[in-house]
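Please look at the sequence and the model before reading on.

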Amino acid sequence: SSKYRPFAPVNLRDRTWPDAQITHPPIWCSVDLRDGNQALIEPMDVERKIRMFEQLVKIGFKQIEVGFPSASQTEFDFMRKLIEEKRIPDDVTVQVLTQAREHLIHRTFEALEGVPRAIVHLYNATAPVMRRVVLNMSEDEIVELARTHAQMFKDLAARYPQTQWQFEYSPEMYSDTELEFSTRVIDAVTEVWEASPEKKCIINLPTTVEHSSPNIFADMVEWTCRNIQRRDGVVVSVHPHNDRGTGTATAELALMAGADRLEGCLFGNGERTGNLDIVNVALNMYIQGVNPGLDFSDIDAIRATVEYCNQLPVHPRHPYVGDLVYTSFSGSHQDAIKKAFAARKEGEIWDMPYLPIDPKDLGRSYEAVIRVNSQSGKGGIAYLLEAEYGVQLPRRLQIEFSQVVQQEMDALGTEFAAADLWKVFEKEYGLFS
Ligand code: KIV
Ligand code: ZN
């Protein structure tokens, strides 16, 4: 990855602005099997869940939220299956979610019996609208709710000393909650859990609904990092959703603001407009010279698994993975790419017009990069003939031949592959028949 350009854009490279850079990857946590799964038209069955789990492990996730075991028998059984069939690799920690309700917490710990390591994730809503309309609770009552159930975690975990426990707490709707109040709740929970540098807990800050712009959320994260009492005993995690379509920016700014950990889903599956797309953030880092520590070198295989498990297609223009993202239709783009490929030396910084990443790094091929349709110019046509058939057209012939091809394509209304161009070439010039 060192061959990629640094994070700061060209005009900022010489400026001192250390906070505005992502210099190392966060702790990644996939929530595909929980937040992603709960938002599917047809939730995954056990076979699909296993496929997804194995895919996430293969990518390199070390923390995976595998479900909400107290929510249904399927969820409970899946957790048991992972444990009983010893499917959890030694370097992976599974995470499960539960609401702050006594019987659900008991059932959650029951589901986890015998697990070597686990993150148990507690949540309750903290935002004014939830306090007023849904929960009918005062601020003090919410603090007490969080405190009592955090204590319950501690008591239950003590019954299973063979497991290595880590606790996580989410003030649901954090981004809609008054900062002083969410800090009060967080402090109450971390006090019960005795969070310390030796025994860190995770405080997860969700934009449960993305109501504000990314910079506002980042300011909130920074404020929280500065004001919670036990910052050194806390892994600050963020959990962006994507209601404004800015989940990626939210995550990136939150990392710059001090967050240590990110929760999200592959290709942005999740409630409503989805969770944060973890692939986007990881590959944005990758092209800016930071190794994300996640392996997307065969991105099409990952996409196929995700589409199968979620039963949802990935959009053809989805960043980094869509069918069309390494395809150039415009003639001027094709021409520029052709020149840059010709000038490029192996191992050089990837500095290619119109292609932000070398498709090869994701297992995609150059062959797919240039296709020819009625919007294309002579450059793309000449490139394909040369790349596929070794024919170098002189400039005058390029101009003449591209006009012929344009006419053919206009008449047929289709896109041309290299083989179609070759047919027209043979027909027109009859050289090789
Ligand atoms: O979006 C959200 O608030 C959540 C919490 C349960 C963490 O998914
Ligand atoms: Zn969520």
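## Annotated domain

Which residues does the UniProt annotation "domain: Pyruvate carboxyltransferase" cover? According to the unreviewed UniProt entry, the annotation covers residues 26-300; UniProt positions are given in the numbering used here, feature names are shortened, and annotations may be inferred rather than shown by experiment.

## Model and conventions

This is a predicted model, in which local features need pLDDT of at least 70, side-chain atom pairs count only at pLDDT 80 or more, and totals for chains, interfaces and linings use all residues. Residues are numbered from 1 along each chain as its sequence is written, while chains are lettered from A and ligands numbered from 1 in the order in which they are written.

## The chain as a whole

The chain has 15 helices and 8 strands; helices (H or I, at least four residues) and strands (E, at least two) are DSSP runs, numbered from the N terminus. The C-alpha trace spans about 85 × 50 × 40 Å along its principal axes.

Of the 433 residues in the chain, 41% are buried. A residue is buried if 20 or more other C-beta atoms lie within 10 Å of its own, exposed if 12 or fewer, and partly exposed in between, with C-beta atoms placed from the backbone. Among contacts with a separation of 6 or more, 73% join residues 24 or more positions apart; two residues are in contact if their C-beta atoms, placed from the backbone, lie within 7 Å.

## Surroundings of ligand 1

The shell around ligand 1 is formed by Asp35, Leu97, Tyr123, Ser170, Glu172, Asn204, Pro206, Thr208, His239 and His241. A residue is near a molecule if its C-beta atom, placed from the backbone, lies within 6 Å of it. Strands β5 (164-172) and β6 (201-207) are the elements that give two or more residues to this shell.

By class, the shell holds 3 nonpolar, 5 polar and 2 charged residues. Here Ala, Val, Leu, Ile, Met, Phe, Trp, Tyr, Cys and Pro count as nonpolar, Asp, Glu, Lys and Arg as charged, and the others, Gly among them, as polar.

## Annotated binding site

The unreviewed UniProt entry places the feature "binding site" at Asp35, His239, His241 and Asn275. These positions span 241 residues in sequence, yet no two of their C-alpha atoms are more than 10.4 Å apart, so they gather at one spot.

Aspartate 35 is found in helix α1 (residues 32-38) and is buried, with 24 other C-beta atoms within 10 Å. Beyond its neighbours within four places in sequence, aspartate 35 is in contact with Cys265, Gly270, Glu271 and Asn275. Histidine 239 belongs to strand β7 (residues 234-240) and counts as buried, with 28 C-beta neighbours inside 10 Å. Not counting residues up to four places away in sequence, histidine 239 touches Ser170, Asn204, Leu205, Pro206 and Glu263.

## Positive phi angles

Lysine 86 is not a glycine, but has a positive phi of about 50°. This lysine 86 sits in the loop between α3 (73-84) and β3 (93-99) and counts as exposed, with 9 C-beta neighbours inside 10 Å.

Methionine 173, also a residue other than glycine, has a positive phi near 65°. Methionine 173 is in the loop between β5 and α7 (179-192) and is buried, having 22 other C-beta atoms within 10 Å.

## Packing of α13 and α14

Helix α13 (residues 378-389) packs with helix α14 (residues 395-412) at an angle of about 100°, and their axes are 9 Å apart. Axes are lines fitted to C-alpha atoms, for helices over the stretch in contact, and angles run from 0 to 180 degrees between N-to-C directions. The two helices α13 and α14 are therefore roughly perpendicular to each other; angles under 35 degrees count as roughly parallel, over 145 as roughly antiparallel, 65 to 115 as roughly perpendicular and the rest as oblique.

Lys378, Ile381 and Ala382 of α13 make the contact with Gln398, Ile399, Phe401, Ser402 and Val405 of α14. These contact residues comprise 5 nonpolar, 2 polar and 1 charged. Glutamate 408 also lies in helix α14 and counts as partly exposed, with 18 C-beta neighbours inside 10 Å.
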